[in-house]
Amino acid sequence: MGADQNPFSIRTALVSDASNLSSMMVRSWRESYVDIIPAPKLEEICKVWLTAEKFEERLSDTNACNLIAVSAGEVVGHIYVLPRQNNSLLVAYLYVLKSSARRGIGKTLLSSAIECFPGAAHVELGVLEHNHIAIAFYKSIGFYEAGPEPTPADEPSSIKMTMTL
């Protein structure tokens, strides 16, 4: 079990959560990618893509499912899932703070997000190929590697993972 043993709850993320969500995601990215993404690129991502304003935009998307995990009053996890064609879902991202890892939060976030889309038959996501912890997690809950994910030349290589529901 993770160091944080407090119970957690899952709920829909609100626009008012954007600032706390931004802080959690910056922390999670720095924890997850410190040895995978070069520091200048990681800081650029944190400053450009993980801002409260960007989360306000994403949280306003009524087609998406945005859920957060809260433990001891702190946002400790987040999932953002989008519907695709042919009853397919795209997990745009799923993050849990390291201090809250191994408590079932990621699995609960994913299953709760899937429930937002009755009739979904397939889930896919991209994961950095050197993020071995995430790859192992996804495989443990039924995903399999489906090949390389197209990535720009200046970004780390990713793989596509998929799961049939």
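**Note on helix packing, loops and strand contacts**

1. Start with the helix pair. The axes of helix 1 (residues 18-33) and helix 3 (residues 52-59) come within 8 Å of each other and cross at roughly 115°. Axes here are lines fitted to C-alpha atoms, for helices over the stretch in contact, with angles from 0 to 180 degrees between N-to-C directions. Helices are DSSP runs of H or I with at least four residues, strands are runs of E with at least two, and both are numbered from the N terminus. The crossing of helix 1 past helix 3 is right-handed; that is, the near helix is turned clockwise from the far one by less than a right angle.

2. On the basis of the model: this is a predicted structure, local features need pLDDT of at least 70, side-chain atom pairs count only at pLDDT 80 or more, and totals for chains, interfaces and linings use all residues. Residues are numbered from 1 along each chain as its sequence is written, and side-chain values use heavy atoms, with hydrogens and water left out.

3. Which residues of helix 1 and helix 3 make the contact? Helix 1 supplies Ala18, Ser19, Leu21, Ser22 and Met25, and helix 3 supplies Ala52, Phe55, Glu56 and Leu59. Contact means heavy atoms within 4.5 Å. By class, the contact of helix 1 with helix 3 has six nonpolar, two polar and one charged residues. The classes are: Ala, Val, Leu, Ile, Met, Phe, Trp, Tyr, Cys and Pro nonpolar; Asp, Glu, Lys and Arg charged; the others, Gly among them, polar.

4. Helix 3 has a buried side. Its buried residues are Ala52, Phe55, Arg58 and Leu59. Seen down the axis of helix 3, these fall within an arc of 115°, so they line one face of the helix. The arc is that of the directions from the helix axis to the C-beta atoms. Buried means under 20% relative accessible area, exposed over 50%, and partly exposed in between (1.4 Å probe, protein chains only). Glu53 and Glu57 are exposed on the other side of helix 3. The cover over the buried residues of helix 3 includes helix 1, strand 2 (65-71), strand 3 and strand 4.

5. Helix 2 (residues 39-48) buries Lys41, Leu42, Ile45 and Cys46. Viewed down the axis of helix 2, the buried residues fall within an arc of 140°, so they line one face. They pack against helix 1. The face of helix 2 turned away from the buried side carries the exposed residues Ala39, Pro40 and Lys47.

6. Now the cysteines. Cys46 counts as buried at 6% relative accessibility. Cys65 counts as buried at 4%.

7. Two loop residues deserve a backbone check. Asn86 has a positive phi of about 60° although it is not a glycine. Asn86 lies in the loop between strand 3 (74-83) and strand 4 (88-96) and is exposed, with a relative accessible area of 72%. Arg102 is not a glycine either, and has a positive phi near 65°. Arg102 sits in the loop between strand 4 and helix 4 (105-115) and is exposed at 73% relative accessible area.

8. Strand 5 (residues 122-128) holds Leu125, which is buried at 3% relative accessible area. Neighbours within four places in sequence aside, Leu125 is in contact with Leu90, Val91, Tyr138, Phe143, Ile159, Lys160 and Met161. Glu124 is in strand 5 too. Glu124 counts as buried at 18% relative accessibility. Again leaving aside neighbours within four places, Glu124 contacts Ser88, Leu89, Leu90, Val91, Lys160, Met161 and Thr162. The C-alpha atoms of Glu124 and Phe143 are separated by 8.3 Å, with the two residues 19 apart along the chain.

9. Thr12, in strand 1 (residues 8-12), touches Asp17, Asn66 and Leu67, not counting residues up to four places away in sequence. Thr12 and Ile79 are 67 residues apart in sequence and 9.8 Å apart in space, C-alpha to C-alpha. Ser158 lies in strand 7 (residues 158-164) and counts as buried at 13% relative accessibility. Beyond its neighbours within four places in sequence, Ser158 is in contact with Val127, Leu128, Glu129, Pro148, Glu149 and Thr151.
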